[in-house]
Amino acid sequence: MPQFDPSSFASQLFWLLVMFVALYWIVSRIAVPRIGEVLEQRARVIQDDLDRATQLKAETDAAVAAYDKAMADARAQAYEHMKVIQADMKAVADKRTADVAATVAQQIADAEARIAQAKQSALDSLKTISADTARDVVGKLAGLSPDAGSVDAAVAAALKDAR
Amino acid sequence: MAEHAEGGHGPMHQFEIQQLIPIKVGGYDISYTNSALFMTFAVVLTALLFWGATRHRTMVPGRLQATAEMLYEFVAGMVKENTGQEGMKYFPFVFTLFLFILFGNFLGLMPYAFTYTSHIIVTAAMALFIFVAVTIIGFARHGLHFFSLFVPPGAPLGIAIILAPLEFFSYLIRPVSLSLRLFANMLAGHVLLKVLAGFIISLGVVFGAVPFIAVFGVTFLEIMVAAIQAYVFALLTCIYLNDAIHLH
């Protein structure tokens, strides 16, 4: 077996040493630092991206929260406005209703007064007509001419009974 | 160097060391051989891979960069997982070891190639270096307390006295098992491929199909073994380093 031929050992050991040292130099001076740098840089970029994403997400969340708050505030404010306006409108409406009601009541009262007056005057003229009629009837039928006072009293009594 | 009945094409021929450039220094024969040539290929290919992969260094990696990053992260993950953060200073060494063995195994699978990891002297040298280095790291970090590595944790005194010599022996046997595992796997795989391939020729076109299919399958198996053995060698190195750094 060539493996157990010691005549080649010195040469193999020498070149093993030379080549291994050369490879070690290449690996430790070129391969490892360069690839290590690439991997580190990549890890850094990824970490930076993740950090930025986290930061942007926080900003977005803050913006959303601000938006929600603004919306809630606006809604509350609008509600307040609406309440004030509703109250104002109700007050105006109540006032108008009251005014109209007062006017109507006044007109009703006036009308009632006029009706009462008309009724009174009608009653008064009825009294006069009744008295005159009674006097004429008495004058024509009985030939009497009763004095105005007794006729009036009799008519008043009769009207009182008729009522 | 060794003679074979089949005229240099026997299953062992592929392991022969051939001098390409004879060099002699102080009585030592350190000729540039086919083994050294394939080590050179491994170094040059690794250098090209990492040079090409890190030429542009883009945020989204291309194919070459992704390959280099995958290798890096695979070994870095292995070192970190098995030795913790303190072990990471040995990461370049483990990475070199992994790449050196991986490229040696893979290059050796190509036809007419030489597999330098199929030589016990190479694997033994690497294993012994690791053994000595780990022992030095252990004593440097823990002093004589490093001997507590041989006492199983939580064992009663009586059992510990019996187990300690066994642990010590298993510690000493580490470089042997580490080097033999890689050497034997590479040797056996390549011999198997060569023998099976030889059957294709000797059985002819019709019956040769059977060993042909076998060679086809075993080639895939050997590709797997090539990667697994590089991984196992590096993983065991990490485990030994962890023992030296953390004791158990």
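**Salt bridges and a helix**

Modeller: Happy to: the structure holds nine salt bridges over all chains. A salt bridge here is a side-chain nitrogen of Lys or Arg within 4 Å of a carboxyl oxygen of Asp or Glu. Keep in mind that this is a predicted model, where local features need pLDDT of at least 70, side-chain atom pairs count only at pLDDT 80 or more, and totals for chains, interfaces and linings use all residues. Residues are numbered from 1 along each chain as its sequence is written, chains are lettered from A and ligands numbered from 1 in the order in which they are written, and side-chain values use heavy atoms, with hydrogens and water left out.

Biologist: Which side chain does A:Lys57 meet in a salt bridge?

Modeller: The general idea is that side chains of opposite charge can pair when their charged atoms come close. Here, A:Lys57 pairs with A:Asp61 at 3.2 Å, N to O. Both sit in helix 1 (residues 9-142) of chain A, four residues apart, about one turn of the helix. Helices are DSSP runs (H or I, at least four residues), numbered from the N terminus, as are strands (E, at least two).

Biologist: And what about A:Asp73: what does it form a salt bridge with?

Modeller: With A:Lys69, the closest N and O atoms being 3.1 Å apart. Again, A:Asp73 and A:Lys69 are four residues apart in helix 1 of chain A. For accessibility, buried means under 20% relative accessible area, exposed over 50%, and partly exposed in between (1.4 Å probe, protein chains only). A:Lys69 has 53%, so it counts as exposed, while A:Asp73 has 39%, so it counts as partly exposed.

Biologist: How far apart are A:Lys95 and A:Asp99, N to O?

Modeller: Their salt bridge is 3.4 Å, N to O. They are separated by about one helical turn because they lie four residues apart in helix 1 of chain A.

Biologist: Which residues of helix 2 of chain B are buried?

Modeller: Among them are B:Ala68, B:Leu71, B:Tyr72 and B:Val75. What covers the buried residues includes helix 1 of chain A, along with helix 1 (34-53), helix 3 (91-108) and helix 6 (209-246) of chain B. Just after helix 2 of chain B, B:Gly84 takes a positive phi of about 75 degrees.

Terms used: Contact means heavy atoms within 4.5 Å.
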